[in-house]
Amino acid sequence: MQNWAILIGVAIMLITDAIVVTVLLRSVVGGVFNKLHELHPPVGAASNAVRKDLQSFRSGLINLGWSINVTVDEDHLHLEPAKIFRWFGAKSSSIPWRAVEPRKTFSKRVRNVRIGAIDLTGPKWCLELAGDPA
């Protein structure tokens with residue numbers, strides 16, 4: 001009888017943890033990607049677009065390491081969250097280059113940009129197309 005009580009207690013703790021983690025991930029990841037999605041819904045990429053999967057981005061304190069599939073063409077920066085983040089509600093977006101504002105960057109490997117009210121830091125190869133900050 002006592003073993004069952006322990007098992008039930010452990011099960012309740014695991015279920016509670018899973019719910020808390022899911023809620024936190026949905027709010028954190030959705031806070032960035034769903035705002036971008038609302039401003040810039042996804043469109044198809046050009047046939048000559050360059051794509052790299054599992055790239056690292058950061059927005060404020062949120063580090064999305066190796067979790068963004070990026071496609072770049074001459075008109076848009078296409079961001080598609082990895083499948084696990086899509087499970088948590090993150091949505092894809094296609095940001096026109098005119099909406100990407102380059103920011104000062106102090107690194108040779110990454111670039112800082114602002115899209116609307118969202119600051120993003122990501123790989124140089126894709127964000128350098130936004131240009132250099134004035």
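Helix 1 bends by about 45 degrees at G30, where the bend is the angle between axes fitted to the seven residues ending at a residue and the seven starting there. The model is predicted, so local features are given only at pLDDT of at least 70 and side-chain atom pairs only at pLDDT 80 or more, while totals for chains, interfaces and linings use all residues. Residues are numbered from 1 along each chain as its sequence is written, and side-chain values use heavy atoms, with hydrogens and water left out.

Helix 1 covers residues 2-39. Helices (H or I, at least four residues) and strands (E, at least two) are DSSP runs, numbered from the N terminus. At 1.5 Å a residue, the 38 residues of helix 1 should span 56 Å, and its end C-alpha atoms are 55 Å apart, which agrees. The expected span is 1.5 Å times one less than the number of residues.

The buried residues of helix 1 are V29, G30, V32, F33, N34 and L36. Buried means under 20% relative accessible area, exposed means over 50%, and partly exposed lies in between (1.4 Å probe, protein chains only). G30, the residue at the bend, is one of these buried residues.

N34 counts as buried because its relative accessible area is 19%. A polar atom of the N34 side chain lies 3.3 Å from the backbone oxygen of G89. Leaving aside neighbours within four places in sequence, N34 is in contact (heavy atoms within 4.5 Å) with V29, G89, A90 and K91.

In soluble globular proteins, nonpolar side chains tend to be buried together.

The side chain of S94 makes a polar contact with the side chain of H78 (2.7 Å). A polar contact is a pair of N or O atoms within 3.5 Å; within protein, one must be able to donate a hydrogen and the other to accept it, and residues adjacent in sequence count only if both atoms are side-chain atoms. A polar atom of the S94 side chain also lies 3.0 Å from the backbone nitrogen of V43. With neighbours within four places in sequence set aside, the contacts of S94 are H40, P41, P42, V43, H76, L77 and H78.

Next come the charged side chains. The structure holds 5 salt bridges, each a side-chain nitrogen of Lys or Arg within 4 Å of a carboxyl oxygen of Asp or Glu. Side chains of opposite charge can pair when their charged atoms come close. R51 forms a salt bridge with D53 (2.9 Å, N to O). R51 also forms a salt bridge with E80 (3.4 Å, N to O). R51 is partly exposed at 44%, as is D53 at 43% and E80 at 25%. E101 and R103 meet in a salt bridge as well (3.0 Å, N to O). Salt bridges that share partners join R51, D53, E80 and R86 into one network.

Two residues draw attention through their backbone angles. Most residues other than glycine have a negative phi, and most peptide bonds are trans. L54, in strand 1, has a positive phi of about 55 degrees although it is not a glycine. W66, in strand 2, has a positive phi near 50 degrees. L54 is partly exposed at 45% relative accessible area, whereas W66 is exposed at 70%.
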